[in-house]
Amino acid sequence: GEFQFTFTDADGVVRLCFHDDEQQHMADVKALFDLCRGVLLFSVLTLVFCFLSLRKIFKRASGKAGSLMPSVLALLLATSPIFVFFATDFIQEMLLTAFTAMMFWAMTGYALHQEGSGKIKRGTWALLAGIAAGCAFATKETCVLTFFAAACSVTAVCLMRRMSRSDGSPPVDPKSKSSYAALAAAGFALTATLFYSSFATNWQGVYNAFVAAPLSYVHRATGDAASEGAAYHVHPWWQYLKWLFENTLLAAYVPAGILCGFSALLRRKKETIASGQPLATAFVAPTCYSLILTVAYSSIPYKTPWCALQLHLPLLLSAFLGFAMWSSRKKTNLIAAVFFTMTLLCHNCALSAKMWIDPDSKEIPYNYASASPQVKDIAQLIKSCVSDGKNAGKCFIAVALPPEDTWPLPFYLRNINSNVGYWTQFEELEMLAALNRKPDVVVVPAEQGHLVQPLFPHLKNTKRFEMRHRVRIRVFW
């Protein structure tokens, strides 16, 4: 349903639901709802980029373009509870995850490129990687951790390929490397500048992004009073691991897959690496990346569950590739890897289905500062009051809550066929009473509940609810 910006009271008078500044705020909230529909596209793009990257890796490793292994990884990712939970939320980390997956795809294409083969040239891969990095930089400040971890993983891969260049690809000329790096840097700079300048309309934004903003990022990352309520987000170093692994088989799958991958890597003889080198390189890169990124994120006191998305994808990818390397040695290893992977897939489906049925469950670790399940009871109570009243469909609902305590009531009341007005102070209800307006339902903070019935004596019933943690309200009807 649409947000209501005006309402018609019982006397037929059209009134504004919000003050002028609140009108813009609620318009922004509505825009966020519309954007949530688009976020699903980035979720799908993440799956597509992961599929394409693995397809290229396994094609190079086996000489055949198979889709089974990439499809299994895409299914593991698509059914992961944390991915499902944030897939349709307007969380910037989902966009950052998509652009990071695009970077991985482009860097995989660059690393596995063979001259004279493929429709995309190495320079194009470098440019695409730069564009993806620019989009990531324009999305979220935490991308600097992504870039640092990516640089470390690329260094590890370069050292590995220098020790044993048996993947069939010729060494890249140093001059060509410089030109490719320049292409990637140009793609990054142009993309970031385009977005931060609001498409060349606000050049101050470029200065803010590259010079002024980094200082505030450091200030916030240290967990001090960078913003009101920042202390609420300060957690111990292991919090990301708890969000990722609590009550899920991923806690066993990831370390087991990474250990199996390193075991297979260490047991390979140099002369037998030829067929497996692309797979080994592909395992080392995301493993180094995920481990360094996990350490970087864990060392920052300021932590939020949506940032765990940045760790989930590379950790899952590392474990999957580790099992793929390990299973190629023995048939029994293959059976064990398939069993473990299918078990995780079924477990993911069960958890995601449970989460879909009850998205407000406190058992969901990513349900951070979520609305109380009682919000549904509030909406149902108001709906019953509206439908049972003598003015059914024409009732007047007055909500007077501080702006920070109003959410998510507008979301749950959006489909109620009634007239809902939102105010931010109780004094505004006093002005309403002075105009002899008699709302059918009144919602106020619990501590102001004793003031309602003297003001509106026709409201005989009341009930207390908890809308969010430490946000208690009273409903009168």
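**H12 against H13**

I started with the crossing of H12 and H13, which is left-handed (a crossing counts as left-handed if the near helix is turned anticlockwise from the far one by less than a right angle, and right-handed if clockwise). This is a predicted model, in which local features need pLDDT of at least 70 and side-chain atom pairs count only at pLDDT 80 or more, while totals for chains, interfaces and linings use all residues. Residues are numbered from 1 along each chain as its sequence is written, and side-chain values use heavy atoms, with hydrogens and water left out.

Helix H12 covers residues 309-327 and helix H13 residues 331-357; I get an angle of about 155° between them, with the axes 8 Å apart. That makes H12 roughly antiparallel to H13. My cut-offs: angles under 35 degrees are roughly parallel, over 145 roughly antiparallel, 65 to 115 roughly perpendicular, and the rest oblique. Axes are lines fitted to C-alpha atoms, for helices over the stretch in contact, and angles run from 0 to 180 degrees between N-to-C directions. Helices (H or I, at least four residues) and strands (E, at least two) are DSSP runs, numbered from the N terminus.

Which residues make the contact of H12 with H13? On H12 I list Leu316, Phe320, Phe323, Trp326 and Ser327, and on H13 I list Asn333, Leu334, Ala336, Ala337, Phe340, Thr341 and Leu344. Contact means heavy atoms within 4.5 Å. Sorted by class, the contact of H12 with H13 has nine nonpolar, three polar and no charged residues (Ala, Val, Leu, Ile, Met, Phe, Trp, Tyr, Cys and Pro are nonpolar, Asp, Glu, Lys and Arg charged, and the others, Gly among them, polar).

**H10 against H13**

Next I checked helix H10 (residues 250-267), which packs with H13 at an angle of about 150°, the axes being 10 Å apart. H10 and H13 are therefore roughly antiparallel to each other. H10 passes H13 in a left-handed crossing. From H10, Leu250, Ala252, Tyr253 and Ala256 meet Phe340, Thr341 and Leu344 of H13. The class count for H10 with H13 is six nonpolar, one polar and no charged residues. I note that Phe340, Thr341 and Leu344 of H13 turn up in the H12 contact and again in the H10 contact.

While on H10 I looked up Pro255, which is found in that helix. Pro255 is partly exposed at 36% relative accessibility (buried means under 20% relative accessible area, exposed over 50%, partly exposed in between, with a 1.4 Å probe and protein chains only). Pro255 and Leu315 are 60 residues apart in sequence, and their C-alpha atoms are 8.9 Å apart in space.

**Thr100**

Buried or exposed, I asked of Thr100? Thr100 is buried, at a relative accessible area of 13%. Thr100 is found in helix H4 (residues 92-111). Setting aside its neighbours within four places in sequence, I find Thr100 in contact with Thr146, Tyr289 and Gln310.

**The sheet around S3**

Then I moved to the open sheet, where five strands run in the order S4-S3-S5-S7-S6 with mixed pairing. Strands S4 (419-423) and S6 (462-468) stand at the edges with a single partner strand each, so one side of each is left without a neighbour in the sheet. The twist averages 20° from one strand to the next. Two strands pair if DSSP finds at least two bridges between them.

Strand S3 (residues 396-400) pairs with strand S5 (residues 441-445) in the parallel sense over three bridges. S3 and S4 also run parallel, joined by five bridges. Ala398 stands opposite Gly421 in S4 and opposite Val442 in S5, while Ile397 stands opposite Val441 in S5.

Five of the five residues of S3 are buried, so S3 is largely enclosed by the rest of the structure. Phe396, Ala398 and Ala400 point one way from S3, and Ile397 and Val399 the other way. In a regular strand the side chains alternate between the two faces of the sheet. Helix H17 (residues 426-434) lies across S3, S4 and S5, running at about 145° to S3.

Last check: backbone angles. Most residues other than glycine have a negative phi. Ser198, in the loop between helix H7 (174-196) and helix H8 (204-221), has a positive phi near 55°. Ala200 is in the loop between H7 and H8 as well, with a positive phi near 65°. Ser198 is partly exposed at a relative accessible area of 36%, and Ala200 is partly exposed at 44% relative accessibility.
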